[in-house]
Structure formats: C-alpha cells, structure tokens
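Work through the two exercises below with the structure at hand. Each task is followed by its solution in steps.

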Amino acid sequence: MSPRPLLLKGGRVIDPERELDEVLDLLLVEGKVARSGRDLTAPEGAKIEECRDLLVVPGLIDVHVHLREPGGEHKETIATGTRAAAAGGFTAVCAMPNTDPVIDSPATVGFVSAAAREAGHCRVYPVGAISIGQRGEQLTEIGELVQAGAVAITDDGHSVMDSGLMRRALEYAQAFDIPVADHPEDLSLSRDGVMNEGLVSARLGLPGKPNASEDVHIARDLLVAELTGGRLHLQHVSTRLGVEAIRSAKARGVRVTAEAAPHHLLLTDEAVGGYRTDAKMNPPLRTESDREAVVNGLLDGTLDTLATDHAPHHYEEKEQAFADAPFGVVGLETALGLMLTHFVEPGRMSLRTLIERMSVQPAQAFGIPGGTLVEGSPGDVTVIDPSREWTVDPDAFRSRGRNTPFTGWALRGRAVLTVVGGRITHREPEAD
Amino acid sequence: MSRPTFSLGKDLVGLEELSREQILSILDTAEPFKEISERRIKKVPVLRGKTIVNLFMEPSTRTRISFEFAEKRLSADTVNIGATGSSVVKGETLVDTARNLEAMRIDMVVIRHRSSGAAGFLAERIPSNVVNAGDGSHEHPTQALLDLLTIRDELERIEGLKVCIVGDILHSRVARSNIFGLLKLGAEVGVCGPMTLLPLGIDALGVKVFRKIEEAIEWADVLNVLRLQLERMQGGFVPSLREYNRFYGVTRRRLDKAPRDVLILHPGPMNRGVEIDSDVADGPQSVILKQVTNGVAVRMAVLYLLAGGVPEHAEAAKKGGGVE
C-alpha cells in the first residue's frame with residue numbers, strides 16, 4: 001500500500017547531485033520523488049507540510065550502526081535503534097554484523113531485514129561478516145549474503161588480522177560489487193589497550209592503544225586493496241597518519257572510501273579524564289593533532305562519509321571501572337545537531353558538504369539507493385530546522401543506549417521531519 | 001562552617017588531586033601518630049565507634065595489614081572483605097557491593113582494586129569516606145605518602161632532592177603516586193627502566209628519563225626500587241629476570257660507584273636478586289623496614305583527617321579520643 005502523496009512546501013531544497021539549492025516545493029508520490037518546483041499544486045488527498053525556513057535534503061544515511069539485535073536486545077533492538085535513527089534524521093542505516101549470532105548467513109541477513117521492515121522507522125541495509133563467526137579464519141558465503149540483501153561485508157568489532165584473508169575478501173567480493181569494510185586495528189599493537197596511548201593514559205594508569213595500531217592496519221589495507229583492485233571501506237578513521245595514508249592512496253587511484261565519526265571530530269583523549277566510560281570507544285579518542293587531521297580529512301573529502309558508529313550499551317555495562325566497561329558510544333540522535341552546530345554554523349563546513357558526507361557519499365560508498373532528490377529516486381527526505389535549539393539529554397533518547405559523551409551540550413539545528421519512502425517516520429515535537 | 005584549607009575532603013583517591021599543603025599536613029599529622037605503635041598498649045580512642053570496611057578485591061598482605069593495624073590502633077571497628085569467599089565471586093558488581101555496605105551504615109571504605117579509577121568510581125557513588133589502597137595502575141597514595149615521610153625522616157627534607165624511581169613505571173601505581181607527590185613537594189623526579197616499561201610521553205609529567213641504571217644512580221639522592229612483577233616476562237616486556245637484574249638491578253657494585261650515599265626505598269614485596277640485591281636491601285642505605293613502620297602512622301593520619309580530624313589536634317585526640 002503506497003502512502004498518500006506528500007507535498008513539502010517552501011523549504012530550502014538542497015540536492016548536491018543536481019547542484020540544486022533553492023526554495024522550492026517537493027512532491028513525493030507513491031513513495032518516490034515525483035517533482036520539485038515552485039508553487040506545486042498538491043494532488044488530491046495529498047498531505048501538505050509547511051517547510052518555510054526549513055532545509056529539505058536527501059535522507060541522511062549512516063553506514064555504521066550497531067543495532068545489537070539479535071543477541072544484544074538489552075542494549076538496543078532493531079526497533080529502538082531505527083527509531084533513534086529516524087529521530088536523528090536518518091532514513092537509512094547499515095547494520096553491523098557483530099551480533100549474536102553473527103550476521104554471517106543468508107538467514108541472519110534476512111532476519112535483520114525483516115525485523116527492520118516490521119519496525120518501519122527507516123531502511124536498514126544489513127552488512128554481513130567477512131569471516132564465519134567473525135573469527136578471521138574462513139570467508140563467509142559472500143555471494144549468498146549479497147543475494148539475501150547484504151550491501152557490504154565487515155568483521156567490525158573485530159579486526160581482520162590475517163592479511164591473506166583480507167586479500168581474498170577484497171578479491172572475491174569484486175564479483176558482487178560490494179565494498180569490504182574494515183575496522184583497522186593491529187591487535188598485536190593495541191593489545192589490552194582501553195584508550196589512546198599517550199599522556200592522558202600515562203597519567204591515568206590505563207593501558208593504551210597507540211596510533212600506530214591503527215596506522216599500520218590502514219596502511220596494510222590500502223596496500224592489499226591496491227594489489228587486488230578491490231573496493232575497500234575504512235571504518236571510523238581516527239589518526240593523523242591514517243588520514244594521510246588514505247589521502248595518498250586515493251591520489252594513486254586506490255578504490256577506497258572512509259569514515260569519520262562525530263566523536264573523533266569533536267573530542268580528544270582529555271575527555272577520558274576522570275575515567276568517563278561514556279568517552280570510551282574503539283578506536284579511542286586521540287590527540288588534538290589527530291582530531292584536526294580527521295576534521296580536515298572530512299572537509300577535503302579524503303574521508304567520504306560521516307558515520308556515527310552508534311554503539312549502544314546498557315547503563316549497567318558502562319557503570320563500571322573504566323577498563324571493565326565496554327567500548328562504544330551512541331551517535332544517531334546527536335550527529336546532525338553536532339555537525340550543524342560545530343562545523344556548519346561557524347562556517348567550517350558548507351551545508352552542501354555536510355549533505356554530501358551524510359547522504360550522497362554514504363549512498364555511493366555502499367551502493368545503496370538514496371542520496372538524491374532527483375525525480376524517481378526514493379522518497380527519503382530529511383527536513384531540518386537549522387535554528388532549533390536543544391540540549392543533549394540522554395533520557396530523551398529513543399535509543400536504549402544512554403552512553404554519549406555529549407550529555408548537556410547545547411546544540412542548534414536538528415531534524416524535525418524524517419520521511420522514508422514518502423512516509424513520515426519521525427516528527428520532532430515543537431520545542432516548549 | 002568553612003572547611004580549613006588543609007582538609008582532605010571526603011576521600012583520598014590520589015595525590016594528583018591534592019595540594020602541596022594537603023600532602024604536608026598528612027605527613028605532619030603522621031608524626032604524633034608514630035608514637036602510638038611504640039607503646040606497650042597500642043591503642044587510642046580516636047576513631048572509637050567508627051566502622052571501616054577494608055575491601056580488598058586484589059591480593060595484598062602488607063597494605064591490608066598496615067591499614068588494619070592503623071584502624072585497630074585508632075579503635076575503629078573493622079571488617080575485611082576479600083575477592084575470594086565474598087559476593088564478588090558470585091558476580092556482584094562494585095556498585096552493588098558498595099551500596100550493600102552503605103546500607104549497613106559504615107563510615108569508611110578502604111579499597112584495593114585491580115582496575116584503574118575504581119577508587120574514584122566508588123568515592124563518587126557512596127557518601128562514606130573512601131581511601132584508595134591501590135587501584136590498578138593508577139595510584140597508591142598511602143604508599144607514596146609513607147615513602148615521602150620516610151625520605152623526610154632520613155634526609156630532613158624533600159624539596160630539592162633528586163629521587164629516581166626504578167623499574168616497571170608503566171604498570172605501577174606506586175610510581176604514579178610518587179611522581180605526583182614528589183613533584184608537588186619540590187623534588188626532582190627521575191624514572192629508570194627498560195623502555196618497554198616506561199609509559200610513552202612520561203617526560204611530559206615533568207620527570208627525567210634514564211635509560212641506564214648507572215646514570216640514574218649517579219644522579220640520584222634517593223632510589224625507589226619497584227618490584228618487577230613476574231608476569232611482565234610472560235607479557236614480553238622483559239626477556240628474562242636474569243637479564244633484568246644484569247641491566248637494571250640495584251646492586252652493591254653499582255651503588256659503590258655513586259658519588260654519594262643513595263637512600264634505598266622499596267615498596268615491597270621484594271624479588272631479591274632481580275630488581276634489588278640482598279646486600280643492598282639489607283644494607284646500611286636501605287630504609288625498607290622503616291617504610292613499613294611509617295606506613296601504619298601515615299594511614300592513621302589519613303583515617304584521622306578524613307574522619308574530620310584537624311592536624312593541630314592530633315596530639316590531643318590521642319588522649320581524649322574522638323574527632324568530633
């Protein structure tokens with residue numbers, strides 16, 4: 001059953017693919033973009049949304065989200081995670097496979113898709129595992145995973161330590177034209193580290209993960225991608241030399257895309273002071289020069305996509321001594337507000353670039369629909385109020401996770417309407 | 001009523017948070033308490049009616065017993081909880097353990113835990129006073145305080161002294177607490193050990209790094225020799241104990257080449273023949289057993305101050321009892 005036509009009236013429509021940035025109406029019919037133009041007349045039965053002073057952009061896409069289901073339902077479910085995504089303005093997310101059981105078979109891929117369809121808050125594209133059980137030993141049946149709906153493969157949460165296995169994955173996956181995404185971490189260098197290795201870890205007496213543990217692995221992945229001609233996607237890049245390595249590989253023509261996460265753009269390892277477990281994630285918060293390099297990488301396009309690495313945990317799991325708490329922070333409901341407030345508002349990043357990194361390029365990197373408002377494309381739209389002021393309050397999250405390092409941050413700008421396939425899946429209540 | 005400036009606040013989590021004045025007031029308060037342990041009847045009523053829980057989630061002999069003596073000699077009621085044979089092995093979380101203790105109306109918790117930050121974590125969550133008896137690789141403040149007291153006893157000052165900490169700095173809470181405490185009291189601090197056991201960027205804390213023990217000995221007035229945990233070999237940090245002794249061991253031969261008599265401290269327990277040779281440990285420059293004696297006095301001082309005691313009244317408190 002297709003939804004009623006939806007007319008988004010008088011918003012500032014930004015569609016980088018068409019070089020479009022003007023005040024227009026946008027009409028969605030039968031779940032797709034039907035037309036954009038001035039003073040469109042609403043078809044009979046259409047729902048009309050007034051969008052004056054609002055931004056109307058292609059639906060945001062997050063290619064790195066942990067929905068935790070199956071197996072981690074106390075942390076998040078597909079329903080709560082996608083509800084959080086819609087509230088954050090996302091119309092599609094890619095679900096990481098490090099669940100229990102691991103998403104390494106067509107059946108588990110199908111389970112994720114089905115549960116997401118039932119929840120209906122946003123599109124969910126399952127990402128399958130590279131290796132069976134994410135054990136780093138034997139390739140999954142990649143072709144079958146793709147047929148079942150997987151859009152990429154990764155052993156995220158773990159690292160592919162076996163370079164030979166990474167080579168085979170990058171070769172084999174080419175037949176199915178999907179990217180091989182990697183969490184770049186040399187475990188023999190990061191060992192039992194729980195935060196960035198540096199001055200702060202020395203002071204706190206916590207074992208550290210050095211930058212080199214990430215740099216070495218990024219370099220390896222780039223070289224193996226170059227060798228094989230495979231499509232590589234590097235997840236949550238956090239180091240200065242990592243960004244540099246990707247920049248030079250791209251200049252050589254290596255097929256690589258890469259992510260930056262909001263927390264790595266805004267925080268350094270100083271945020272861990274006081275043993276704040278809500279500032280514990282992997283890769284860890286690094287130093288100021290790394291932070292600045294990741295920002296520049298995202299600005300100049302070396303890092304193609306903003307991805308949250310949304311990693312919800314139950315509060316009891318984070319309510320522990322630092323080393324004992326799990327890695328990960330939530331991000332779906334804060335990413336857009338943080339980017340608008342700290343990068344677009346002060347003029348460091350254009351709105352267009354932000355839309356590219358949060359919608360256009362994620363769609364391209366993972367080969368999924370969306371990222372544009374051109375006629376006939378999916379009716380996935382995010383409507384943003386750039387002047388809505390709000391404060392990050394974890395208790396107001398739709399996610400089950402409360403683990404954010406941004407509690408209490410005052411932000412300006414957020415999604416007020418999220419439209420997936422022509423249906424409104426989130427409407428932000430008016431501020432008091 | 002405003003708190004006096006030397007007040008420690010609710011907890012003693014580490015020396016990093018303390019001011020020079022706070023550290024000195026602990027050392028000064030320890031002085032009158034030393035004498036109690038020399039009496040025939042080693043007991044004063046200073047903490048009468050206070051309940052103290054010694055929560056030792058990690059094996060400890062010296063520190064646990066030292067705290068227990070300090071508590072008992074101040075007439076506190078004490079309960080000991082270890083990691084084995086308690087609810088901890090049944091999977092109870094630290095928060096729940098603490099809340100349950102709190103529900104039994106206690107006054108203080110002395111905690112030893114394998115995780116860095118555990119003492120501060122507990123301190124933020126319960127109203128009782130919390131004393132850190134060692135948390136992971138973070139801090140062991142009472143050990144550093146007794147080291148400071150011992151150095152001051154022997155050399156009559158701390159300011160301007162050159163103190164080198166030798167050994168596994170990376171994993172050592174004793175090293176961190178000593179570095180913070182010594183720097184605040186105006187000492188120069190050096191560290192010496194294999195690069196595998198020195199944290200990257202340690203010099204940014206304001207310490208001098210020595211790669212050779214001979215250079216450290218030539219520089220230092222005081223050596224604080226750390227225990228080399230035997231599991232560091234399995235971790236691949238040092239190839240063998242023999243090699244460690246050969247290149248980093250504090251030996252008589254090396255000390256004899258020093259331009260001055262170097263005071264030797266060791267927080268114990270010692271691996272004789274590894275980080276320290278027996279003739280050094282038992283020799284005239286060693287104050288290792290004096291450290292142990294001072295440990296009880298320093299811990300008495302900390303407990304007294306956290307309970308609301310005032311340094312000037314410590315002498316009187318020993319006779320009259322109570323801190324109220």
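**Exercise 1.** What volume does the second largest pocket have?

The model is predicted, with local features needing pLDDT of at least 70, side-chain atom pairs counting only at pLDDT 80 or more, and totals for chains, interfaces and linings using all residues. Residues are numbered from 1 along each chain as its sequence is written, chains are lettered from A and ligands numbered from 1 in the order written, and side-chain values use heavy atoms, without hydrogens and water.

Step 1. The volume is about 360 Å³.

Step 2. The lining has 24 residues, and the closest to the pocket centre are Gly273(A), Gly274(A), Tyr275(A), Arg276(A) and Glu124(B).

Step 3. Two elements give two or more residues to this lining: α6 (199-204) of chain A and α4 (118-125) of chain B. The most comes from α4(B), with four residues.

**Exercise 2.** At what angle do helix α5 of chain B and helix α6 of chain B pack?

Step 1. Helix α5 (residues 141-155) and helix α6 (residues 173-184) of chain B pack at an angle of about 50°, and their axes are 8 Å apart.

Step 2. α5(B) and α6(B) are therefore oblique to each other, a class left over once angles under 35 degrees (roughly parallel), over 145 (roughly antiparallel) and 65 to 115 (roughly perpendicular) are set aside.

Step 3. Contact means heavy atoms within 4.5 Å. On the α5(B) side the residues include Ala144(B), Leu148(B) and Ile151(B), and those they meet in α6(B) include Val174(B) and Leu182(B).

Key: Axes fitted to C-alpha atoms, helices over the stretch in contact; angles between N-to-C directions. 1 Å grid on protein atoms, 1.4 Å probe; cavity = no way out; pocket = protein on both sides within 12 Å on 5 of 7 lines; lining within 4 Å. Points joined across faces, edges and corners; volume = space filled by probe spheres on them.
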